[in-house]
Each structure stands twice: as C-alpha cells, then as structure tokens.
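Subject: Structure handover

Hello,

Here is the structure you asked about, with the sequence. My notes on it follow below.

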Amino acid sequence: MNPHESALLEDLNPPQAEAVLHGDGPLLVLSGAGSGKTRVITRRVAHLVKVRHVFPWRILAVTFTNKAAREMRDRLFALLGSQANELVVSTFHSASAMILRREAEHVELTKSFVIYDDGDQLNVVKRAMRDAGIESMMQPREILSRIDQEKNAARLPDDMRLSGPDDVKGATVQRVYRAYQRLLRAANAVDFGDLLLLLVKLFHDRPDVLERYRTRFTHVLVDEFQDTNPVQYALLRQLAPPPSSNLVVVGDDDQSIYRWRGADVQNILEFPMQYPGARVVRLEQNYRSDQNILTAAHEVISKNSRRLEKKLWSERPKGENLELMLHRDERAEGQEVARRILALQREGFIKFSSMAVFYRTNAQSRVLEEALRLARVPYTLVSGRSFYDRAEVRDAAAYLRLMVNPRSDADLERVLNVPARGIGGTTEERLKDFAVQEGLSLFEALAERHRIPALNSAAQKRLGGFHQLLVSLNAFAQTAKDAAGAVDQMLQETKLVETLVADGSEESNTRAENLRELLGAAQEFDLKRASDAVAMAMAIEAREEAAPEGVDSAPLTADVPPLQAFLEQISLVGDADAEVGDGRVALMTLHAAKGLEFDAVFLTGMEDGVFPHSRALKGAEPDSGEEMAEERRLCYVGFTRARKRLFVSLAQCRSLFGELKYNPPSRFLADVPQVLFGFKENDLPPPPRAAAMAPRRRAWDEEETGPRVDRSYSQTSDMEAVSGDVRGMRVRHEQFGSGRIISADGSGPNAKVTVEFGGDVGLKRVIARFLIPG
C-alpha cells in the first residue's frame, strides 16, 4: 500500500474503506444516517486522483444543494490541493446549466439565456394561459405544479400521458405547457426543470454531443441518490450507461423524503437490477447519535415493507432515554418546549445553537414561535425567506438579467414601473397586446412604441425613457469586466437605491441596505472567480500528462461572462442552502432538517393526522401505502438528527388550519419500545390532570408495545347547561382568560365558538366545553 493510499484509509472503518477502494464498475453505497458518507465520497475521489491517477477533470460529482457541494469541494481541496480545481463538483442543476451554456445553440437558446425563478415562471404561465385561451378552469399555480411534475418525469408536452379523452385537466395542462415552452424560448429563458430536461433531450437527439461528455467523464459520483427524480436518473444513465460504467451512487432509501418534489425512491431500490453486478456496500456504523436514539429510529423505519435492509449501530453509549411530552393543547406544548429548552441551556448541558424544534407542517410554527418569544428564547426559522427572495433584490436581479438578455419579458414586466416612472396599467396592457400581435418581445415592442394604437405622446415618452435605460444597461454589460461593476452601474442608472433612501422610512432604508449587500455579494463573487481562474490555470499548467487527443478537458465554466456567471449562481440558490443562525434555537419543518444534526431535538405534533400527515391516513389500508412509507422515513430522519437528547411531544387537542381536532397519538410512538422512554412494561405516563374517569377509549390497539397515553379524562363541561343564543355571553378560559363570545357554530358543549379575549390574546376559536360561563 503506497503512502497516499494509507493516508486516505487510516481513519475509515472496513465498509468505508471497501467503498473507497472499489475498482471499476457500478457501486451502490447504502449510507445510513450519520455514517460518514461525505468522507467516503471525497476519499474515493482523492483515491481516484492520487492512487489511480485519474485526471481530475474526468470526474463528475453531483449532489443536491450548494451547501453540500461546497462542503465536498472544501474537503477535496484539503485532500488534493490545487488538483481539486479541475474537478467538477456541483449540484445537478448547476452542472446541467454549465453544459447547456456550452451547447446552447443546439437547444434554441443563446449562451446568455436566463434562469427564471418560481415567481417568473408563474407570470409566464399566466401569459401562456391567455395565449392558449384558457379561462379559470385551473389556477395558474396548479398548472405550473403539473408542468413541473411533467419535467421531473422527463416529459415534454408531446410526451404527456393523458388518461383518456375525458382527461380535461390533463389536456388543459398540455396546451398551456406548449405555450409556456414557446414563451420561454422566445424570451431566451429556462426554468429549473428545463436545465435537466433540455440536456436529456439534447443528449438523446445528438449522440455526438453525448459521446463528447461520456468520453470526458469516466467516473460519475452521486450523493443523496435516493432524492433523484426520473429526469435526473435519465441524465445519469446517459452519462454512465448500464451495466458496467463507473457510476458510484451514495444514498439511503430510509431517508427518501422528497416524493412531493418528484423524487422516486425506486431509483435506489432498483439500482442493483438496473446495473446488474453492481457492488453494494452498507455503511451501518453511526458516528452521530446515542444508541437509544438509533434503536428507536430503527423500530419505526423497520415497519416499512420495501426497503434495503440495514441497521445502524454506534460505539457511543446508550445515552439518555427518549422523553415523551404530553400536553393539553398546542399552546401548552409550545410553553413546555420553551421551558425545557431554557432548562437545558441553564444547566450548561446544551447550547441554544445545538437545539432544534421540528414540526411536520409550517402552520405549526406560529404557536411555537410565540411561546419561544414569550420565554425570551432566541430562535431562527430555517429555510425561511431567502435574501434573494426579497422584493427589492428580485427587482435588481430582473434588471441584471435584462442587461444580458433584453428579450426576457418576465423581467421587463417586473421592472417596467420600478422605481415608479408613471407607466400605468393601461399603458402596460397596450404594450403587451401590441407585442403579441406583432410577434415581438416587450423590449422590441418598446422600440416600436410609436406604432402602438391609442398611446398618447406622454406615455410614449415614458416608455421611450425606459427603453433608453435598458439599451444603456445592455451596452454596458457587453464589456463589463466583472459582476460588481455591472451591479454598481445598474444601481446608479436605475436609481433603485437613491429612490429608497429618498423615501426616508426605516423599511426603505433596510431595503436600500439589502441592495448594497447585493453589490457586496457581487464583489465577493468576483474575488472568488478571479482566485479560481488563477488556480485553474496553475492546475492545467501543472498537469503531468496532456489530455488524450480528442477528449474535451476544458473547464466547463470557460468563456462565461462574469455577470452571467453571477446571475446563474444566485438563480440556483435553494431553500436547503439556508444557514442555521449562530446562538439560536433552530425551528424548521422535518423536510428542512435533512442533513443537519443537533445535540437536542424536540419533535412536536406527534399525533395521527398531524404526523403522520392526514393525507397518509386515507385509503383502505393506509399503513401499507407509499404515503405512509414516506411519513415513516420522515420520522426516521427526524429521530436521527439528534445526537444526545430526543423529545417527542403530542397534544390531546390541537387547533390547526382553523379547526380543533382530537387526534390519537401518532402510530409511530407505538413502534418505539416503552423501555426507550424509561417506562416499565405496561406503564402509563401520568395523566395531564386529575379527573373523573369516563368510559375508556383506546388510544391504540392493545397488542401494540409502544407507550400508551390515557386520554379518558372526564368530558363534562359547565357549558352543558347553556342553551339558546350564546353570542355576547361572558366566559372564561383556563389559558386565555376572560372574554366575550362573538359567534357560534353549533350548540351545546361541542359547539365551535369564536371568543374575543382581552389583552394580547384577541380572537380565538375554541370548543365550548373548555369555557366557563361568567
């Protein structure tokens, strides 16, 4: 074993080393949560370069988030030094965008094409609906979602599968989809789905182009393979076709939780069949969590019938028992979560920044946030609104895209009157109608404004001023040497910052600061780009061997102008790239928690109908459906984010989406052996309060072995004697205090009533049985 190989393997366990040393051919690395998969991927890449002498530029490594790609690159620089500059390590979308820019002329685009975000896409769908003559049968958002599903499934409009002649909605989507694609091409624009789908189509239609990249990338590695959708898998199969290509996929079917985004868990489950002879390596040693947490997670996930068998274990101690927290309602739940967090922090056991609160749906966060604020617990919402989603930043980005691509109608519509320049709705509609009639882009229609019917001279003058602004910006962009210079020029000519500062309000000043921060981001981008260019040039110069004749070894990012490269970077920032705030407790959905870890995790809302979600409970056999299987995987992900402490919390009643529900405890709790909660066999946690016993209702089947929650407290209420119109009645609530009934839905103790409570509580909708007259 040479010194390079010895250094790369010295801290790996045997299965990790087996994956790193795997020779040629396909490899599936089943990497359980916290099992060191990033270490395995990066060590394998380093082994290919240092020991097997594979050219770095012949290696393609893709993952799903910019954050994950950045971590992989950082580790590879530590392992390979300057040689890492020639590796292609990026997200699927970023890698596809780089290749599409090189091959733009083959897909009816120019190299300056722009990438539309969700808001831009929605505007294009609305226009496509008008062009296709679609009225209000379907909402634009629904149609956009269906188009995205089709693209994830690698289907263009003509490839759509309609269920039959009566599939009116499908036919409607198909018509709008065709118009939508025409508008995108006319605007020299793509959406996120196009980045992958157009590349797959190009490789299918042009075998010569595919062969060029297939010859270049002799080793393809994929992280988080369980999250791939059909179009991503199709791209991988084109670049590394079965059965014997050097395709290494790393993932965990137990953590496939993005079905709603198009991810298909079958990709990883069936990989050994799709690539016959593929080696399978299981990484089951966990380096993150105490054993009790791993055991609980396994008991939940092992109930899924279709999974690749694996069981996590750890050399860490068993650790603390899991804690089951039972509450009267969601407000009591929030208060107790806040109290426990403060106690853990005060005891010096766990810092705020090492704690997280998870919930199944975003709607649960409001009550939790209120409780943390009242308790003065610092917190941050993870995957909240991105910097690049702020209105003023999106306005600036639209101007920047128009600098490189004036044909972008969605961007022009966005800033036509930003900042205000007196161009009203009527003028805008006449401009758009004229553009449609003449087959022009809006930018081209501006140049022909004198031909627009019924447009007075004042309106023509204002449109002319805007047109001249865009011409000037576009001319500057042609010769801009860096992104920061282009951003600075745009801010000066558009007067975006100047207008906000003149307003003088605190909100406007904050928005102006955000625009200055955008300029700062461009400056950082330029510095890194210049540094990377120097490092790349040095790496190419230091090559020990020349690239084989006829093989394309040029950097994929070569010849992309700086402003376009900057726009591409900010267009591809995703929710999963949000950072967790320092010194604060993290609040997030379970989906956002993927890839993170904390010393203490609070998993709230553990009730059937909340988690698992109500959608998974529908059907004749809900426990056997794919919806429920994914909910189990989501629970497994939530459990395995915790290093030392795991708190699971449920409420006896919960107000969610305007309804008060009495949901039974989550069936996932019944999967966890009672001993892991510290209960003796058949122990019950203490009831929430002393109460007369009513006939017992089983929370779950007697045969279940999980912790049982006795919910059979008395249902008698002081409101039972109240009849007639209760509007205006004074009442008291145990938690909200005194108030007055405003309206009632139903009668008796089970009526849903709206009460106006005093102080900061305000209007609340509650069940009458929880109120006391007087």
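At roughly what angle do the axes of helix H21 and helix H22 cross? This is a predicted model, and in it the axes of H21 (residues 457–479) and H22 (residues 483–494) cross at roughly 165° and come within 10 Å. Because angles over 145 degrees count as roughly antiparallel, H21 is roughly antiparallel to H22. The crossing of the two helices is right-handed. On the H21 side the residues that meet H22 are Leu469, Ser472, Leu473 and Phe476. Their counterparts in H22 are Gly485, Ala486, Gln489, Met490, Glu493 and Thr494.

Next, the nonpolar cores. The largest one has 127 residues, and within it Phe466 and Phe566 touch the most other members. Helix H17 (residues 391–404) supplies the largest share of this core, nine residues. Leaving aside neighbours within four places in sequence, Phe566 is in contact with Leu400, Ala483, Val487, Leu518, Ala521, Ala522 and Phe525. There is also a second, separate core of 44 residues, with Tyr258, Leu322, Val648 and Val672 among them.

On the annotated site: an unreviewed UniProt entry carries the annotation "binding site" for Ser31, Gly32, Ala33, Gly34, Ser35, Gly36, Lys37 and Thr38. I looked at two of these residues. Gly32 is found in the loop between strand S1 (27–31) and helix H3 (37–50), and Ala33 lies in the loop between S1 and H3 as well. Gly32 has a relative accessible area of 4% and is therefore buried. Ala33 is also buried, at 1% relative accessibility.

Their contacts, again leaving aside neighbours within four places in sequence, are as follows:

- Gly32 is in contact with Asp252, Gln255, Leu283 and Leu312.
- Ala33 is in contact with Asp252, Gln255, Asn286, Arg288, Leu312, Tyr636, Thr640 and Arg641.

Last, Leu79, which lies in helix H4 (residues 66–80). Is Leu79 buried or partly exposed? Leu79 has a relative accessible area of 21%, so it counts as partly exposed; the cut-off for buried is under 20%. Leu79 and Leu8 are 71 residues apart in sequence, while their C-alpha atoms are 8.5 Å apart in space. Leaving aside neighbours within four places in sequence, Leu79 is in contact with Leu8, and also with Thr42, Arg43, Ala46 and Lys50.

Regards

Definitions and conventions:
Residues are numbered from 1 along each chain as its sequence is written. This is a predicted model: local features need pLDDT of at least 70, side-chain atom pairs count only at pLDDT 80 or more; totals for chains, interfaces and linings use all residues. Side-chain values use heavy atoms; hydrogens and water are left out. UniProt positions are given in the numbering used here, feature names are shortened, and annotations may be inferred rather than shown by experiment. Helices (H or I, at least four residues) and strands (E, at least two) are DSSP runs, numbered from the N terminus. Buried means under 20% relative accessible area, exposed over 50%, partly exposed in between (1.4 Å probe, protein chains only). Contact means heavy atoms within 4.5 Å. A nonpolar core is a set of buried Ala, Val, Leu, Ile, Met, Phe, Trp, Tyr and Cys residues joined through side-chain atoms within 4.5 Å. Axes are lines fitted to C-alpha atoms, for helices over the stretch in contact, and angles run from 0 to 180 degrees between N-to-C directions. Angles under 35 degrees count as roughly parallel, over 145 as roughly antiparallel, 65 to 115 as roughly perpendicular and the rest as oblique. A crossing is left-handed if the near helix is turned anticlockwise from the far one by less than a right angle, and right-handed if clockwise.
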